Amino acid sequence: MVALALCLVMVLLVVVHVAEGTDVSYCNKITEYDVKVSGVEISPNPVARGQPATFSISATTGEPIIGGKLVIDVSYFGWHIHSETHDLCSETSCPVSEGDFTVSHSQVLPGYTPPGSYSLKMKMYDTTGRELTCIGFDFSIGFISTISDN
């Protein structure tokens, strides 16, 4: 009976850990960004190599956004390793109305991606090139891969 109770506690701890959001920080603590980010959800967390990973960013804007771009920089143990740029309207519905919205990006990381701790910085720009927000957060890539390393 005690073993069953311990198993249930362990399962609940794992579920609570997976359901937690990712800690997010603004790139510049002094800047008042037009887009406020309230959270980031990563699924699965940790990210699994060779399987789809989705990064969903919850945000709020005080004025409509007709379009723009996202610039993403990824670092591995402090070393910049990857940059990519995406059309904002391919990651959320445009135009973005005033209020809450979500930016969501999914991709499959190659099976040879090294496991470990990564940092991501995302900047959002409007169509004129004005920076709307800049955030950073950490994520992990697990040791399990669904693609053979051979």
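In what pairing are the bonded cysteines of the protein chain joined when numbered in sequence order? The pairing is 1-4, 2-3. The structure is a predicted model, in which local features need pLDDT of at least 70 and side-chain atom pairs count only at pLDDT 80 or more, while totals for chains, interfaces and linings use all residues. Residues are numbered from 1 along each chain as its sequence is written, and side-chain values use heavy atoms, with hydrogens and water left out.

## Disulfides

A disulfide is a covalent bond between the sulfur atoms of two cysteines; the criterion applied here is a pair of cysteine sulfur atoms within 2.5 Å. A search of the whole structure finds two of them, listed below.

| Disulfide | S to S distance | Angle about the S-S bond |
|---|---|---|
| C27 and C134 | 1.9 Å | -75° |
| C89 and C94 | 2.2 Å | -95° |

The link of C27 and C134 is left-handed. Strands here are DSSP runs (E, at least two residues), numbered from the N terminus. Accessibility is stated as relative accessible area, where buried means under 20%, exposed over 50%, and partly exposed in between (1.4 Å probe, protein chains only). On this scale C27 is partly exposed at 36%, whereas C134 is buried at 2%.

The link of C89 and C94 is also left-handed. C89 counts as partly exposed at 30% relative accessibility, and C94 is partly exposed with a relative accessible area of 29%.

Strands of a sheet pair through backbone hydrogen bonds, either parallel or antiparallel. Two strands are taken as paired if DSSP finds at least two bridges between them. By this criterion, an open sheet of three strands has the order 2-4-7, with antiparallel pairing. Strand 2 and strand 7 are its edge strands, each pairing on one side only. Neighbouring strands of the sheet are turned by 20° against each other on average, direction ignored; the axes are lines fitted to C-alpha atoms, and angles run from 0 to 180 degrees between N-to-C directions.

Strand 2 (residues 35-43) is joined to strand 4 (residues 52-61) by eight bridges; within this pairing, E41 has S56 of strand 4 as its bridge partner. Strand 4 pairs with strand 7 (residues 99-108) over 10 bridges. In strand 7, G99 is the bridge partner of T61, and F101 is that of A59.

A59 lies in strand 4 and is buried, with a relative accessible area of 3%. Leaving aside neighbours within four places in sequence, A59 is in contact (heavy atoms within 4.5 Å) with V35, K36, V37, S38, G99, D100 and F101. The C-alpha atoms of A59 and V35 are separated by 6.5 Å, although the two residues are 24 apart along the chain.

## Nonpolar core

A nonpolar core is defined as a set of buried Ala, Val, Leu, Ile, Met, Phe, Trp, Tyr and Cys residues joined through side-chain atoms within 4.5 Å. The largest such core has 27 residues, and those with the most contacts inside it are V47, F101, M122, M124, F137 and F139. Strands 2, 4, 5 (68-76), 7, 8 and 9 each supply at least two residues of this core. Strand 9 gives the most, with five residues. V47 touches I42, A53, F55, L109, F139, S140, I141 and G142, not counting residues up to four places away in sequence.

## Salt bridges

The structure holds four salt bridges, each defined as a side-chain nitrogen of Lys or Arg within 4 Å of a carboxyl oxygen of Asp or Glu. D34, E63, D126 and R130 are linked in a network of such bridges. One of its pairs is R130 with D34, at 2.1 Å from N to O. This pair links distant parts of the chain, 96 residues apart: R130 is in the loop between strand 8 (116-126) and strand 9 (131-145), and D34 is in the loop between strand 1 (24-26) and strand 2. R130 counts as partly exposed at 35% relative accessibility, as does D34 at 34%. R130 also forms a salt bridge with D126, the closest N and O atoms being 3.1 Å apart; D126 counts as buried at 13% relative accessibility.

A further salt bridge joins the side chains of E32 and K36 (3.1 Å, N to O). E32 is exposed, with a relative accessible area of 65%, whereas K36 is partly exposed at 35%.

Conventions: Helices (H or I, at least four residues) and strands (E, at least two) are DSSP runs, numbered from the N terminus.
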